[in-house]
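Hi,

Here is the structure I said I'd pass on.

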Amino acid sequence: MPPVPSRVLLDRLIAGAPAGESPVTHIESLPGSPGQVAEWPDWTPPVLIARLAARGVAAPWSHQAHAAQLAHDGQSVVIATGTASGKSLAYQLPGLASILDDDRSRVLYLSPTKALAADQLGALRRLALPQLRAATFDGDTPTGERDWVRAHANWVLTNPDMLHRGILPGHPRWSSFLRRLRYVVIDECHAYRGMFGSHVAHILRRLRRICAKYGSSPTFILASATVARPEESAGRLTGLPVAAVAESGAPRAERVFALWEPPLTALRGENDAPVRRSAGSEAARVLADLVIEGSRTLAFVRSRRGAELTALGAARHLSEAGAGSLRRRVAAYRAGYLPEERRALEAALSSGELLGVAATNALELGVDIAGLDSVVLAGFPGTLSSLWQQAGRAGRAGDSALVVFIARDDPLDTYLVHHPAAIFGRPVEATVQDPSNPYVLAPQLCCAAAELPLTEDDLPLFGGEEVRTVLGDLVRRGILRHRPAGWYWTSRERPDADIRGAGGEPFAIVDEATGALLGTADASSALRTVHPGAVYLHQGRSYVVSSLDLEGHAALARAEDPDWSTSPRDITDIAIVETLRSRRVGPVGVHFGTVDVTNQIVGYQRKRLSTGQIIDETPLDLPPEELRTKSVWYTIDQQALDDAGLSFPDVPGAAHAAEHAAIWLLPLFATCDRWDIGGVSTALHPDTGAPTIFVYDGHPGGAGFCARGHDVLREWLGATRTAIHSCECSTGCPSCIQSPKCGNGNNPLDKEGAVRLLDVVLLALDRGVGPRVDGESPG
């Protein structure tokens, strides 16, 4: 059956909305384009051309040929073109050509997910090239196979975690492979941002250092979603000059892109604020309608729990619509599943057995799935890069496609659906990393020294003067030993670094009745997600956490079917440690520096699934967590606020509201997720003596997000003011100033006062640049 045209699909979705609702705020038609074919590079082996032709690839697109030629010539290159543009062929060409020319040549492929590596392995093996010996090397590789991979594989597919923990520490066993390493492929390199990206940057420098020991200097080939200045991001990641290929020669499907805002309901939320229908429940209905239309659809949601709830909701809608036979063709896909569960879901989706899938970004960076008719985005995925990456899953086979972005009830999503130019009329953000973060640099230098003693010649590879500072601290603490020849690791135990920023050993989530392992939770999020009383979802089943063992890193959960969800409540204090950058503009001070944050989960709320209404709040006795990180903050003289009609008693609500909205809007300007950052506001902070609003990185040492916020403060706060002022509510709601994370129960909040406060700040910023002072402490 031919696919339903995308505009017809959208019209049917709108017609299916409840009477009186007009959820679509904007429709953008993105035209398709024909492909631009190139000749095969003259060094391409005939057998490879023949095998690719047998797989349906008659000739490369222009960007594939250009990138492959640069890599073949020894120039490290990043291919930053859209989803489904065929980036894989751009790195396969030079890698496979080198192996076909000499099967002793080696290629190392890195991906952020096992699913993507498995998909790439399948694509390589389907070429049936006798000289190619491709194999994965990850945590799922049986012990008996690992020796064979080290000795014989000439194309090894792995991930940064295994490179960090398995390959580099055991480099003598990999010496033959590393000596002949010709290419390093880094797929989905835009995923390496923040703390994780900073760690990966040092892992790649460690790899280059070890390769140099064995006499090789591999060329790096990076594949990225469309990002601003990809050559700069790739250069920071690898530490090398990198050329960019950003103009795609692949054909692009026509797409209809709809912005969809769920309507306000009759329900009232926290502090009697109006409540919209949730993006998850709206996505479930849209997904079910598309499945009924026979449209192969992916619905991307933000969380594991959301993926489960959206799939369950879609199945329920199918039953209510008399299409219960289609329930089995809808499923959830998320990280945290066991390997065998992931593989079964991927196989069912690839074969077409599944028609509708609710997925987290585990699939955004996962398998290469073609033939999709529609994509539904239940909320902004964190960055514009991720939005276009997810939207690009639609129309991969060349047909017209539909993309529906459903806004969550928060300031950022509300801003986007009412300001389409923020999506369609602005460049994608540049990737943010901070390899100089001492919390990243110290463990990475320890790992490097354990692999091979560090010398003076190595130091420029890892950074500037901050490297010497960190090394000096490691020597003083007895972790490294300094000798004339260099710096040496002192322990018999191998060092490690938590490169995913999870903050330690994960927590096991165990079925209380059977003892079965349900899944895991990162140490950094366990207190928030699996505290006693929390609802946990796994494979469509609901569990309630009975107990949390902080020392044993385990949570016991019992199977239940509650009609409520849980959300934690916390309190946060902040102290300024050091001001690194500072300027004064009239009554406003703008600062960036180091802060100490103390956060404690103090309770949780239960909310009705059907309405979002709060049932009750339960206190918790959990330990506080300490974080030293980076923050941007600004102060406002009280006199300027008085002149704007904000007396001292009015400031807490105004500052609190401005802080909430600013946190939501920062992802528009830095490649961070809303949950990567936090904030504190106060009418009189003890370290500044003035009304102060802080926004801080939620990672030890900082992740570069708030540094970016400091650099674009005027644009950021301007968007924040617009988001608050343009919201249709009268006194504040989740679409403008309320936050689900607020430890004070979203009280006090003053919507009108936040606009006045931001007007004072923006006027001062517009009037001129004040003197800048570096290195103050504190204030």
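Arg476 counts as exposed because its relative accessibility is 66%. Bear in mind throughout that this is a predicted model. The side chain of Arg476 forms a salt bridge with that of Asp473, at 4.0 Å from N to O. Both residues sit in helix H20, three residues apart, which is about one turn of the helix. Asp473 is partly exposed, with a relative accessible area of 29%.

Leaving out neighbours within four places in sequence, Leu474 is in contact with Ala442, Leu445, Cys446, Ile479 and Leu480.

Back to charges: there are 31 salt bridges in the structure. One of them pairs Glu293 with Arg12, at 2.6 Å from N to O. Glu293 is in the loop between helix H11 (279-292) and strand S12 (297-300), while Arg12 is in helix H1 (residues 6-15), so this pair ties together parts 281 residues apart in sequence. Both ends are partly exposed: Glu293 has 25% relative accessibility and Arg12 has 41%.

Another salt bridge joins the side chains of Glu451 and Arg206, at 2.4 Å from N to O. This pair also links distant parts of the chain, with Glu451 in helix H18 (residues 438-451) and Arg206 in helix H9 (residues 194-213), 245 residues apart. Here Glu451 and Arg206 are both buried.

Which buried lysine has no salt bridge? That's Lys87, and the nearest side chain of opposite charge, Glu188, is 6.2 Å away. Lys87 belongs to helix H4 (residues 87-101). A polar atom of the Lys87 side chain does lie 2.9 Å from the backbone oxygen of Thr81. Not counting residues up to four places away in sequence, Lys87 touches Ile79, Thr81, Gly82, Ala223 and Ser224.

Now for the nonpolar side. The largest nonpolar core has 94 residues, and Trp716 and Leu757 touch the most other members. Helix H23 (residues 651-665) gives the most to this core, with ten residues. Apart from it lies another core of 36 residues, including Val78, Val149, Trp174 and Leu204. As for Leu757, the residues it touches include Tyr634, Ile636, Leu641 and Ile693, again setting aside those up to four places away in sequence.

Cheers

Key
Residues numbered from 1 in each chain as written. Predicted model: local features only at pLDDT ≥ 70, side-chain atom pairs only at ≥ 80, totals over all residues. Heavy atoms only, no water. Helix = DSSP H or I, 4+ residues; strand = E, 2+ residues; numbered from the N terminus. Buried < 20%, exposed > 50% of the residue type's maximum accessible area, 1.4 Å probe, protein only. Lys, Arg positive; Asp, Glu negative; His and termini not counted. Polar contact = N/O pair within 3.5 Å; in protein donor to acceptor, adjacent residues only side chain to side chain. Contact = heavy atoms within 4.5 Å. Core = buried A, V, L, I, M, F, W, Y, C linked by side-chain atoms within 4.5 Å.
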